[in-house]
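Biologist: I would like to learn how to read a few features of a protein model. Please take them one at a time.

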Amino acid sequence: MTEQANSSMPVENQSPGPSDHQSDEDLRIHIDDSATSPTLLFLATSMVWLIIGSLFGVVVALKFSLPDWLGSVPALTFGRLRPAHLNTVVFGFVSLAGAGMVIWLTGRLCRTHIRWTGLLYISVIIWNLGLLLGTALVLAGYSEGMEWLEFPLIAVVPVALGFVLFAASILKTFANRSVEHIYISLWYILASLVWFPILYVIGNGRFYQGVSQAAMNWWFAHNLLTVWVTPLGLAGAYYFIPKVIGRPIYSYYLGLLGFWSFALFYNWNGLHHLVGGPVPTWAVSISIVASLLMFIPVITVAVNHHMTAFGNLKLVRYSPTLRFVVFGAMSYTVVSLQGSLEATRTMQEIVHFTHYTVGHAHLGVYSFASMILFGAMYYILPRIAKWEWPYPALIKVHFWLTAVGVLLYFVAMEVGGWLQGMAMVNGAVPFIDSVIVTRPWLWGRSIGGVMMTIGNILFAYHFALVVYRAGPIRFAPGWVRKAEGQTS
Amino acid sequence: MMFIRSFMFFLGVLATFLLGWAGIVGIPDSMISRLEPPAGLKRYTAEQLYGRSIYIREGCMYCHSQQARPRGFGADQERFWGRPSIPADFTYDRPHLLGTMRTGPDLVNIAVRQPSEEWQYLHLYNARLVTSESIMPPYPWLFEEKPTAGPGEKALALPDSVAPRNAVVVPTREGRALIAYLLSLDRTYDAPRSPK
Amino acid sequence: MSLFPVAVIIVAVALVAGALALAAFFWALRTGQFSVRHMNEGALTIFDSTEPVGMPTDQTLQTPQEHPDDRTGKQLNAR
């Protein structure tokens with residue numbers, strides 16, 4: 001890197017006169033202010049779903065070890081709580097927090113204030129209403145019966161509409177951008193805005209049945225990661241790692257390669273969820289090949305992030321954002337490489353139908369995407385609430401509880417799942433052995449899950465403190481004082 | 001220039017998405033939907049469909065699969081779970097219930113493997129009554145307590161430790177329908193010869 | 001059921017898609033999308049004169065003495 005410490009790039013192409021500290025900083029604060037209310041609403045409601053979804057998860061986990069616990073309450077039976085957990089954490093927490101991050105990020109990356117914020121207010125309301133309705137219906141027994149597509153139409157429609165309104169606001173803001181270059185995070189964001197509505201409609205439509213529907217089901221479920229969850233995580237990582245460290249992305253060209261190979265290959269992965277199943281073999285083979293080809297985009301991302309952060313990793317000591325985002329970005333590399341190998345027939349024979357896959361899923365959705373979203377929120381919230389996080393100790397506890405919790409969860413599930421699979425493919429032992437062998441590992445999973453949940457609750461509490469400007473006033477970077485009208 | 005770039009980006013993004021859909025959903029569907037339902041496959045009766053809706057409501061597919069794997073890929077054949085499943089076996093399944101986890105065993109041919117109604121009811125009431133190590137949830141709300149079994153009803157043979165005093169336990173209409181559905185799960189008819 | 005028509009469709013689609021992709025690639029090459037300057041500018045978009053390259057922008061956990069703006073130890077005024 002050869003840039004000097006204050007290489008001043010022209011901020012706006014059309015602004016007359018020199019850009020100085022006053023205008024750059026004021027513009028940034030102005031943009032952040034325009035995003036404040038909608039972002040805050042999306043982030044705050046996402047925290048509610050984080051708590052609800054985590055609690056569902058804990059109960060579900062414990063039921064593996066205590067199957068008779070709460071056994072007389074239909075709404076709390078495993079078969080209803082499990083889809084409630086999945087839908088609330090992904091369509092609730094991850095989606096709403098991701099949308100909030102996208103709103104704020106779009107303002108920053110387009111260097112303009114957010115447009116059509118009215119749509120965002122409507123969006124957050126109907127999106128949350130849809131989630132509430134869908135969750136209640138699933139618990140009451142009105143599931144549509146397919147994984148990730150359980151919500152009845154009456155709940156799907158408000159969520160879909162909410163997304164479309166959100167997308168409209170982002171696109172309008174983008175159309176009014178005052179930057180010449182479209183930053184790499186925006187590629188992922190814009191792509192997701194095109195992809196997700198189409199995916200959601202095809203998935204929730206009633207177009208198929210039988211094995212065709214199964215193929216659609218798993219194309220849909222995996223593409224949730226392709227078109228939404230992963231773009232959110234990568235958009236965050238590509239922005240916050242260089243932004244916090246203060247160095248540009250190592251190789252923009254690698255980023256370009258990474259994006260298009262991602263778009264090309266990841267869309268074909270879906271049928272690796274049906275290996276060995278009653279699906280045309282050639283189609284499954286294509287999915288396995290595509291899963292292995294993912295090495296290309298995943299390694300480009302890993303190289304890019306690593307080389308950007310190289311030599312500056314000690315900054316994780318001071319920046320919670322960097323700490324969480326780097327943890328998430330590393331998890332992305334691990335979970336993706338694991339997934340590529342997991343998709344092969346050799347691995348699938350043993351781990352399909354086991355807890356191994358569930359562990360892999362949590363490494364992706366929590367250890368990768370959620371940790372990056374936490375990091376994003378640590379950066380964004382003080383800048384919109386104009387209040388610094390009051391308790392650094394709470395941040396550290398949040399980090400260690402969630403990091404250790406998810407790692408414990410992951411190890412327990414991969415070992416337990418592997419043992420389960422080995423017993424399952426061994427025709428000489430009774431099936432029940434594959435259940436018995438997982439017992440201690442399922443307890444480990446519950447402990448990990450409880451740790452993550454406690455960490456999540458502490459974060460939600462800290463989040464509320466910032467929003468309500470409670471707790472000790474802490475030293476804050478200059479921009480907060482400037483915004484409050486103080487002179488240095 | 002900017003517009004062209006944006007348009008090409010939009011096209012590229014759309015194309016990568018639709019190509020994927022076409023390859024692993026569209027084309028397989030066009031092949032599968034042309035398959036003839038096998039002669040041995042019967043449509044579900046109204047009661048079996050009702051029972052299937054209970055299966056979905058209680059989320060049974062989150063622990064049980066319904067797809068037998070071929071010999072050499074897992075031990076499904078060694079466990080006598082039925083011949084390898086083919087796409088046509090699931091012609092009338094809407095939604096599909098192929099499942100992705102085997103916390104419990106595969107059920108695609110459970111009617112052949114476990115044809116006893118009594119066993120099924122007992123197992124549904126509380127699986128640990130028949131398999132002590134099972135972690136399947138209990139489903140007491142699919143049963144009801146009555147002073148005596150009504151005409152055509154058969155009381156569950158519960159052990160004294162769990163049997164209610166001065167009452168018997170019989171399945172509700174939902175419980176009966178669910179078992180009717182389970183006892184319809186039989187795909188052991190010969191697979192029609194199909195070109196692969 | 002013969003797979004030949006399916007294979008023809010897939011190969012045809014792949015060829016067309018590949019041709020389009022190649023065309024886009026060469027267009028991009030010709031119009032200078034891959035120039036080093038272009039690439040670097042893209043990566044620098046996220047910085048500005050007050051948050052320039054070389055300055056870390058988040059030190060929430062850092063002690064006040066080490067923060068360049070807080071060396072005087074001044075606190076935020078009342079809420």
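This is a predicted model: local features need pLDDT of at least 70, side-chain atom pairs count only at pLDDT 80 or more; totals for chains, interfaces and linings use all residues.

Biologist: Which residues make the nonpolar surface patch of about 410 Å²?

Modeller: A:Leu66, A:Trp69, A:Leu70, A:Val73 and A:Trp443 make that patch.

Biologist: Where does A:Leu70 lie in chain A?

Modeller: A:Leu70 sits in the loop that links α1 (21-65) to α2 (78-110).

Biologist: Why does A:Leu70 count as partly exposed?

Modeller: Buried means under 20% relative accessible area and exposed means over 50%, with partly exposed in between. A:Leu70 is put in the middle class because its relative accessibility is 31%.

Biologist: Now chain B. How many helices and strands does chain B have?

Modeller: Chain B has 5 helices and 2 strands, and their order along the sequence is α-α-α-α-β-β-α.

Biologist: How does the radius of gyration of chain B stand against that of a compact globule?

Modeller: The radius of gyration is set against a rule for globules based on the number of residues. For 196 residues a compact globule would have a value near 16 Å, whereas chain B has 22 Å. The C-alpha trace of chain B spans about 85 × 45 × 35 Å along its principal axes.

Biologist: What share of the residues of chain B count as buried?

Modeller: In chain B, 54% of the 196 residues are buried.

Biologist: What share of the contacts in chain B with a separation of 6 or more joins residues 24 or more positions apart?

Modeller: That share is 69%.

How values were computed
Residues are numbered from 1 along each chain as its sequence is written. Chains are lettered from A and ligands numbered from 1 in the order in which they are written. Side-chain values use heavy atoms; hydrogens and water are left out. Patches are made of residues with over 30% relative accessible area and no salt bridge: like charges are joined within 9 Å, nonpolar side chains (Val, Leu, Ile, Met, Phe, Trp, Tyr) within 5 Å. Accessible areas come from the Shrake-Rupley method with a 1.4 Å probe; for residues, only the protein chains shown count as cover. A salt bridge is a side-chain nitrogen of Lys or Arg within 4 Å of a carboxyl oxygen of Asp or Glu. Helices (H or I, at least four residues) and strands (E, at least two) are DSSP runs, numbered from the N terminus. Buried means under 20% relative accessible area, exposed over 50%, partly exposed in between (1.4 Å probe, protein chains only). The radius of gyration is taken over C-alpha atoms; the globule rule is 2.2 Å times the number of residues to the power 0.38. Contact means heavy atoms within 4.5 Å.
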